[in-house]
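Here is a short note for a colleague who is opening this structure for the first time. Please have the sequence and the 3D view at hand.

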Amino acid sequence: MDQQRGNITIWLSISIIILSAGIVAHVMSIPVVLNVAGRDSWIAVIIAAPFFIVWFLIYNYLIKQLNGQSYIEWTKQHWGNMASWIVKFVLAFILFFSGFYSLLDTMMWAVTTYMVQTPFIVVSLVATIICVLAAYCGLQSIAIVASLLLPIVIFLGYFVALSNTKHKDWDLLFPIFDKGYIPAISGSLYIISALMEIWVIMLYSHHIKQKMKWWQTVILALFLLMMVLGPLTGAITEFGPDEASKQRHTAFDQWKILSLGEFLQHVDFLSIYQWLSGSIVRISISMYLMVDLFQIRKNNYRLLFLCLAGAAMIALMFLPWTEDNMLSLLQHIYFPGLLIFVLLFTLLIGASIYIIRVKERRNNEGSTS
């Protein structure tokens, strides 16, 4: 199983990021942003862009300062065993919730759209087993699968965007700021939070062969921003800002109106491939990273841990969830909490690196004097 270091390339790591963070930015965050910013949702992306790019450049710089060392090992080395265990439990909780919500949202969407007659427990169990097996096989397996799925996912994204051009009324994007600046600024915060899902790259950076260069960071950031801008402008121009803000799965609804001529219609089944690709990768990487955080190496223990995590996710899915309280959870708890966490996490790592460098410089000065 996956116990190696430096065993995936930059491209493989980016494939995981695009599919994992992309399902949040491209699907989950869209109804929240439309609900908050309305017609100005696309302006919110423009406002968010420079802040997100600058943060990502800083974050990538901090990753490089670990010099290929695991973040947990780095924390243990410089701040002690107690600090590393606190970090492990905090990060594991966030990863668990990330995987759980993705599983819940995907399965609820599945049983209400294309698997109506299939019991919820059956769909959930099958999806969880797939994710547990993927996480058990290791990071390299997840990365290879993601790299194979990603090109088709990207192609389908451009396919639906271009094919629906005839349904788009670009005048619906204007006027901007008709309700003031606050909605656009509020929407930009949710967009930044959704895109900050890429924070998890810190947790498996020690498995990546090369360091990500600054221009690769910028290109990836711009691509992720386009993944948010595309469905937002599509939703507003195809359905109007009022109708789009009422939709729960806007990206999926754009597939419903797609038609190519008289004989090629109802191709919304292709969106299933897109959604499941992102969700499976996101849930799998969340599960894998939980195992990696606690450095569980024995295969039997790894499988047991993953099965318990999967069972806990399935158990929580049978709470009385509704579409409204799930959307409220995203808007009022998850995205604001994630934004605060990632910013504090970034500041904590930056401050730690600065303090360590100051100590090392003082020690070097003391030894030479």
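1. Start with Glu 323. This is a predicted model. In it, Glu 323 has a relative accessibility of 26% and counts as partly exposed. The side chain of Glu 323 forms a salt bridge with that of Arg 248, at 2.8 Å from N to O. Arg 248 sits in the loop between α9 and α10, and Glu 323 in helix α13 (residues 323–368), so this pair ties together parts that are 75 residues apart in sequence.

2. Asp 105 belongs to helix α4 (residues 81–113), while Arg 248 lies in the loop between α9 (241–246) and α10 (250–256), so the pair joins parts that are 143 residues apart in sequence.

3. Are these two partners buried or exposed? Arg 248 is buried, with a relative accessible area of 14%. Asp 105 is buried too, at 1%. The cut-off for buried is under 20%.

4. Take the three residues as a group. Asp 105, Arg 248 and Glu 323 are linked in a network of salt bridges. As background, side chains of opposite charge can pair when their charged atoms come close. The count of salt bridges comes to six.

5. Now look within helix α10. The side chains of Lys 256 and Asp 253 meet in a salt bridge at 3.5 Å, N to O. These two residues are three apart in helix α10, so about one helical turn separates them. Lys 256 is partly exposed, at 46% relative accessibility. Asp 253 counts as buried, at 15%.

6. Then turn to the open space. How large is the volume of the largest pocket? It is about 710 Å³. The pocket is lined by 32 residues, and the closest to its centre are His 26, Gly 157, Tyr 158, Met 227 and Pro 231.

7. Which elements give two or more residues to that lining? They are α1 (10–37), α6 (139–163), α8 (214–239), α10 and α11 (270–293). The largest share, eight residues, comes from α6.

Note on methods:
Residues are numbered from 1 along each chain as its sequence is written. This is a predicted model: local features need pLDDT of at least 70, side-chain atom pairs count only at pLDDT 80 or more; totals for chains, interfaces and linings use all residues. Side-chain values use heavy atoms; hydrogens and water are left out. A salt bridge is a side-chain nitrogen of Lys or Arg within 4 Å of a carboxyl oxygen of Asp or Glu. Helices (H or I, at least four residues) and strands (E, at least two) are DSSP runs, numbered from the N terminus. Buried means under 20% relative accessible area, exposed over 50%, partly exposed in between (1.4 Å probe, protein chains only). On a 1 Å grid over the protein atoms alone, a cavity is a set of points where a 1.4 Å probe fits but cannot get out, and a pocket is an open set with protein on both sides within 12 Å along at least five of seven lines; lining residues have an atom within 4 Å of a point. Grid points are joined across faces, edges and corners, and a volume is the space filled by probe spheres set on the points.
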